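Please examine the structure below with attention to its helix packing and its charged side-chain pairs.

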Amino acid sequence: MTSLFRRLLPAPAAPSIQRDTVRLRLDDAEIEVLRVRDPRARRLKLSVDERGARLTMPLRASLVSGERFLLEHRQWLQQQLARLQGDHLAPSLALREPGLLPLRGELLPLRWQEGRFAHVEADADGIVVQLPARAGEAAFRRALREFLEARMRADVGRWLPGYLPGLPRAPARLRLKVMSSQWGSLAPDGSLALDLALALARFSAFEYVLVHELCHLLQANHSPAFWAEVEARFPQWRAERDYLRAEGRRLKATLRQLLP
């Protein structure tokens, strides 16, 4: 009777992931490190990406051991953060100051004009930003995002008709958003999502990602059959995949710099 009662009791909940931050002094600055206590972790681990520094700790590890680990790897951490910052495609844009805007694999000169509303457009000489005299940083970033989205939608609209023959249907709708790791996704309902960072990538890489996601309408996997569909429609896909693997981190980091 006792053993049966025990079997009926609910299983104890698995330990949850715990997150907080810890401050660390480097040679020239003080940074915040995301500290994650993860029940799946087996050892202390320090990583750096465009979102910042992250210390992953097993549940059994003490806070003191984690802080000691950070201090022991402080020089490595500083080097990685400096390298990541140097990998950005373009320096930060200062409001109403000439600069360079990454677009379609190129760096285009940026010019500012005063106007009635915030607006970004491309012309033969580069990129023009129209901004009211009282408008600030937020208005510029919104206008920049609208510009990048409009360019991407125009590109997809131009490419899509050529790839629809042989597909069971067109995507249900298109969403453009900032994606942390993926370049695109296709939802079960047929909704297509693409990373806004593709607006900064070279033209052919953006087209490859579109073809890749469209082929998931035929094969919802990455099997040999799926890659055969990609090959039939975009034979140079390997070169574009290699480009995104090599340049992807700085493309995504640059987008976060442009659209914080």
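The following paragraphs treat a helix contact and then several salt bridges.

This is a predicted model, in which local features need pLDDT of at least 70 and side-chain atom pairs count only at pLDDT 80 or more, while totals for chains, interfaces and linings use all residues. Residues are numbered from 1 along each chain as its sequence is written, and side-chain values use heavy atoms, leaving out hydrogens and water.

Helices (H or I, at least four residues) and strands (E, at least two) are DSSP runs, numbered from the N terminus. Helix H5 (residues 203–215) and helix H7 (residues 237–258) have axes that come within 9 Å and cross at roughly 105°; the axes are lines fitted to C-alpha atoms, for helices over the stretch in contact, with angles from 0 to 180 degrees between N-to-C directions. H5 is therefore roughly perpendicular to H7, a term covering 65 to 115 degrees. Ser-204, Ala-205, Tyr-208 and Val-209 of H5 meet Trp-237, Glu-240, Arg-241, Tyr-243 and Leu-244 of H7, contact meaning heavy atoms within 4.5 Å.

The whole structure holds 14 salt bridges, each a side-chain nitrogen of Lys or Arg within 4 Å of a carboxyl oxygen of Asp or Glu. One of them joins Lys-252 to Asp-195 at 2.4 Å, N to O. This pair links helix H7 to strand E11, with Lys-252 and Asp-195 57 residues apart. Lys-252 is buried at 6% relative accessible area, and Asp-195 is buried at 0%; buried means under 20%, exposed over 50%, and partly exposed in between (1.4 Å probe, protein chains only).

Arg-173 pairs with Asp-189 in a salt bridge, their closest N and O atoms 3.3 Å apart. Arg-173 is partly exposed at 47%, as is Asp-189 at 45%.

Conventions. Angles under 35 degrees count as roughly parallel, over 145 as roughly antiparallel, 65 to 115 as roughly perpendicular and the rest as oblique.
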